[in-house]
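Work through the exercises below with the sequence and the 3D view open beside you.

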Amino acid sequence: MKSDALRHLRHATGAAISSGPIVEAIRVMAAGPSPRGRERATATRLAAWARSRWPELPWNIQAVGDEGANLTSTAGGAGPELLLYSHLDTSLSGDVEHDRWTTGIDEEPAPLSVDPESGLLAGFGLGVARAPAAAALAGYVAAATALRHHGLPYRLSLLLASGGTHSSPFAPAGPAGIDEHLRSHPLPSAAVVAKCGPRGVLYEEPGAIFLRVRLGGPYRPVLARDAGGGLLANLGTATAILESWRTEHVAARAGAGRQLAAEAGIGAVRGGLLEKPDLLPGVVELHLYLVTVPGDDPDEIVRTVLARMRAEIPGGPLDGCRVSVDARLVHPAGVTSPDAPVIRHAIAAWHDEHGEPPPAISGWKGSTDGVVLRGHGVPTARVGPAAGSDPADPRRDVFDPRTLVRFARLYAGIAVRHALGDVEEQGHRH
């Protein structure tokens, strides 16, 4: 009976999913900027579009902070809930003046485009995470509709969250949408994170630590600089020490997980006053992002980095500068058992759509809000398409809509398997 129901549901969801609504959803999301913590206009626009297209489903806006918002929808009744998760914000803000310090590009990215011959989509922010979010939305609608029409008990939710990209706690940042959602809703029994990533199904994800290394020196104007040149003139010494530490840190964690791996890098440097370059900076900060593995302790990392800096600075051009190191843990690494039902469902759905098992994953270094869900004890699978890059502009991602249709069917397949698993368990109890 279960196999017959699965076959009927897969046929129903497959027939319901097409590229048209996925591309429309991406167009709606791409109609305005959606930087972290300022997604409310995008959420409102997308909710209005979804309500007009699928009025039988609820589409709700949950305010997050001053300008952020989650878009949520829950279908079905009581019972074990599956959460399909992605997010609304983009990794880059979309403001050229702000982003150029990372991208090195001074021009606006070209708007979303569809190639008239190949049908390929190309646009800003599609990889993080507009394209997989649109596929998750389409898969959610198809699964919820099919399960309702077949009269099966189920509970299925969609969360397109605010603040899903990482932001350093050392800089002003609003609350994360996933945290706001979990504070105001019961925990789901399982979750699927729809984000671009490696080819396959992730059940392990690394965590994230932000590290600040602060160097302090005397106050003095440029006209009184000594032969040493000050902190910035000798910044290479500090970065060389940190790069040496990074090499050993990563090597010590090789093989720490089946799927994940550690990494660390200096992503930002701060020092001096932009309007007063006639004054040498008395403080310079180096900000690092650490991709963590299970067991990583932020306090121990701080002690290790501080000890390395204090041991190698004396005697060099930075001799006598003050050094401090601080860490902020955003998420610890998270692991879901590969035997968890949601992982089995994801693997089976992958096989359905690709005609073969998902390939093995190793050395993955990308952290998402999946680790938040795992931290709350929610078994979580992460699966999504791999983004291509526009050779003319690395800020623009490229997708074949047929690939997004395939992943929308995959998300729907996980949802119907989750519901059928619940039906089977209820039957055994009764």
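**Exercise 1.** Decide whether His249 is buried or exposed, and find which residues His249 is in contact with, leaving aside its neighbours within four places in sequence.

*Solution.* His249 has a relative accessibility of 5% and therefore counts as buried, where buried means under 20% relative accessible area, exposed over 50% and partly exposed in between, computed with a 1.4 Å probe on protein chains only. Once its neighbours within four places in sequence are set aside, His249 is in contact (heavy atoms within 4.5 Å) with Leu290 and Ile301.

Before going further, note that this is a predicted model, in which local features need pLDDT of at least 70 and side-chain atom pairs count only at pLDDT 80 or more, while totals for chains, interfaces and linings use all residues. Residues are numbered from 1 along each chain as its sequence is written, and side-chain values use heavy atoms, with hydrogens and water left out.

**Exercise 2.** Describe how helix H2 and helix H3 pack, and say which residues make the contact.

*Solution.* Two packed helices are described by the angle between their axes and the distance between the axes. Helix H2 (residues 19-29) and helix H3 (residues 40-53) have axes 9 Å apart and pack at an angle of about 150°, the axes being lines fitted to C-alpha atoms over the stretch in contact and the angles running from 0 to 180 degrees between N-to-C directions. H2 and H3 are therefore roughly antiparallel to each other, since angles over 145 degrees count as roughly antiparallel, under 35 as roughly parallel, 65 to 115 as roughly perpendicular and the rest as oblique. On the H2 side the contact is made by Pro21, Glu24, Ala25, Val28 and Met29, and on the H3 side by Thr42, Arg45, Leu46, Trp49 and Arg53.

**Exercise 3.** Work out how H2 is oriented to H5, and which residues of the two helices meet.

*Solution.* H2 and helix H5 (residues 126-149) pack at about 135°, with their axes 9 Å apart, and they are therefore oblique to each other. From H2, the residues Ile22, Ala25, Ile26 and Met29 meet Leu126, Arg130, Ala131, Ala133, Ala134, Ala135 and Ala138 of H5.

**Exercise 4.** State how many disulfides a search of the whole structure finds.

*Solution.* With a disulfide taken as a pair of cysteine sulfur atoms within 2.5 Å, the search of the whole structure finds zero.

Notes:
Helices (H or I, at least four residues) and strands (E, at least two) are DSSP runs, numbered from the N terminus.
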